[in-house]
Amino acid sequence: MPAAWPGCWPWGACLKAYPPQYTIELIAYANEEPPYFATEHMGSAQHARKLYTEQIGVKAMICLEMIGYFSDKENSQTYPGPGMGTLYPDKGNFIAIVGNWNSVRLGRDIQKSMRPFLPTVRLNLPQIKGMCMDFSDHRNFWAKDMPAVMITDTSFFRNPNYHQPGDLPETLDYRRMAQVVCGVHQAVLHLAAEEK
């Protein structure tokens, strides 16, 4: 990211400038990909279980999953369910905020914080098999009834390079990636500043 990028980099320094009401943890989980995906060996499964067992309250878990591919071309965006394309944009130029029923308020708050930075779409649904809503680390927080959302560019529903040899740095949109980070930064500050 350019050194002159306004507002939100580096995260540690920015978060330090606004003492929060809540503890904020920045975590990079291991073992999110197969063969560990959807098993107890996922780093996020271990962490969520520990928080649950020790009865440590979690206000929000925000999972960043694939945030770098954007397209302004028509029909560049697809969806997992039939008819979703009639409700949501056909251009892959937005970021999606995906949550379950327990995360409706969280998703709404995050979307409000991110909207000034780039177009967003919010989707809150019950966990339906085959809908791909739980394809990342947030799934393990949902399993423990903790509020969690996934912030995503929708990965293989948009990016033809996903897990392919052509998945190269030059296919990513770093300006919009930075806008995502700034939007999430604002959301975290907002959530952490709320009274307990």
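Predicted model: local features only at pLDDT ≥ 70, side-chain atom pairs only at ≥ 80, totals over all residues.
Residues are numbered from 1 along each chain as its sequence is written, and side-chain values use heavy atoms, without hydrogens or water.

View 1. E4 covers residues 148-152. Strands (E, at least two residues) and helices (H or I, at least four) are DSSP runs numbered from the N terminus. In E4, 5 of 5 residues are buried, that is, under 20% relative accessible area with a 1.4 Å probe, protein chains only. Ala-148, Met-150 and Thr-152 point one way; Val-149 and Ile-151 point the other. Strands pair if DSSP finds at least two bridges between them. E1 (residues 61-65) pairs with E4 in the parallel sense over 5 bridges, with Met-61 opposite Ala-148. E2 (residues 95-99) pairs with E4 in the antiparallel sense over 4 bridges. Here Val-98 stands opposite Met-150.

**View 2. Helix H6 and its N-terminal cap.** H6 spans residues 174-193. Of its 20 residues, 14 are buried, so H6 is largely enclosed by the rest of the structure. Asp-173 caps the N-terminal end: a side-chain oxygen lies 3.3 Å from the backbone nitrogen of Arg-175.

**View 3. H4 across H6.** The axes of H4 (residues 104-114) and H6 come within 8 Å and cross at roughly 125 degrees. Axes are lines fitted to C-alpha atoms over the stretch in contact, and angles run from 0 to 180 degrees between N-to-C directions. The two helices are therefore oblique: angles under 35 degrees count as roughly parallel, over 145 as roughly antiparallel, 65 to 115 as roughly perpendicular, and the rest as oblique.

Notes:
Buried < 20%, exposed > 50% of the residue type's maximum accessible area, 1.4 Å probe, protein only. Expected span 1.5 Å × (residues − 1). Polar contact = N/O pair within 3.5 Å; in protein donor to acceptor, adjacent residues only side chain to side chain.
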